[in-house]
Amino acid sequence: MDGNRGPVRRRAVRAALAAAVLGALAAGAATAWLRLSTAELRAGVAETPERPVALVLGAGLNDAGRPMPFLARRLDLAAELYHAGKVEAVLVSGDNGREEYNETDAMADYLAAVGVPRKKIASDYAGFSTWESCARAERVFGVEAATVVTQEFHLPRAVALCRAAGIDTRGVADPSWGDFPGDSAYGYARELPAGLKAAADAAFRPDPTFPGPRETTVDEALSAPR
């Protein structure tokens, strides 16, 4: 019996290595698809065309309940888009899945502090993932065209998923690398496995955790005077 263990182990190792190689190839292919398919849809604030809504994706709060640096940079970009006349309203999409953690209100507070009027801000409290934020923006809030705002490493996935959700999407990114090289490197590495899930979400378009009912807060923000 012991004599059979060596070949069995070698076959198991070879199978594991083959699975790892295939997984890496699939992740690389998904990442390449995300970047190539959105290359013409990503630009800076000055170059991006006007869209009705800026969609800001959540990125976490600190212990004091304030936006973490990545999220603050996203919100600054959204405010810049608004003040430049590139968007008419901002939809902040974050996690309020626990009573003690309200990412969305913290995002709205930050935008108000940098000059975006409260009446021009709409809030999605169930943006639990990139796909759910995009899907809910279209299905629940009725967003048809938007500029999605996030970090550079995340932007191809965000643009692709929002387009898969049915939104005419452009993207504006915070480069982040110069100020946060370690966190940015982690972000780029994380995009490899995340790209596989994004490909599945784009293909199958699953329902978000909370798929409705229809909300009119984006419509109200768009119709409110500046």
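Residue numbers start from 1 along each chain as its sequence is written, and side-chain values use heavy atoms, with hydrogens and water left out. Because the model is predicted, local features need pLDDT of at least 70 and side-chain atom pairs count only at pLDDT 80 or more, while totals for chains, interfaces and linings use all residues.

How do the two helices cross? The axes of α4 (residues 130-139) and α5 (residues 155-164) come within 8 Å and cross at roughly 40°. That makes α4 oblique to α5, a term for angles that are not under 35 degrees (roughly parallel), over 145 (roughly antiparallel) or 65 to 115 (roughly perpendicular). The crossing is right-handed, with the near helix turned clockwise from the far one by less than a right angle.

The whole structure holds one disulfide, defined as a pair of cysteine sulfur atoms within 2.5 Å. Cysteine 134 and cysteine 162 form this link, with their sulfur atoms 2.2 Å apart. Cysteine 134 lies in α4 and cysteine 162 in α5, so the pair ties together parts 28 residues apart in sequence. The link of cysteine 134 and cysteine 162 is left-handed, with -70° about the S-S bond. Cysteine 134, at 0% relative accessibility, counts as buried, and so does cysteine 162, at 1%; buried means under 20% relative accessible area with a 1.4 Å probe, protein chains only.

Technical notes. Axes are lines fitted to C-alpha atoms, for helices over the stretch in contact, and angles run from 0 to 180 degrees between N-to-C directions. Helices (H or I, at least four residues) and strands (E, at least two) are DSSP runs, numbered from the N terminus. Buried means under 20% relative accessible area, exposed over 50%, partly exposed in between (1.4 Å probe, protein chains only).
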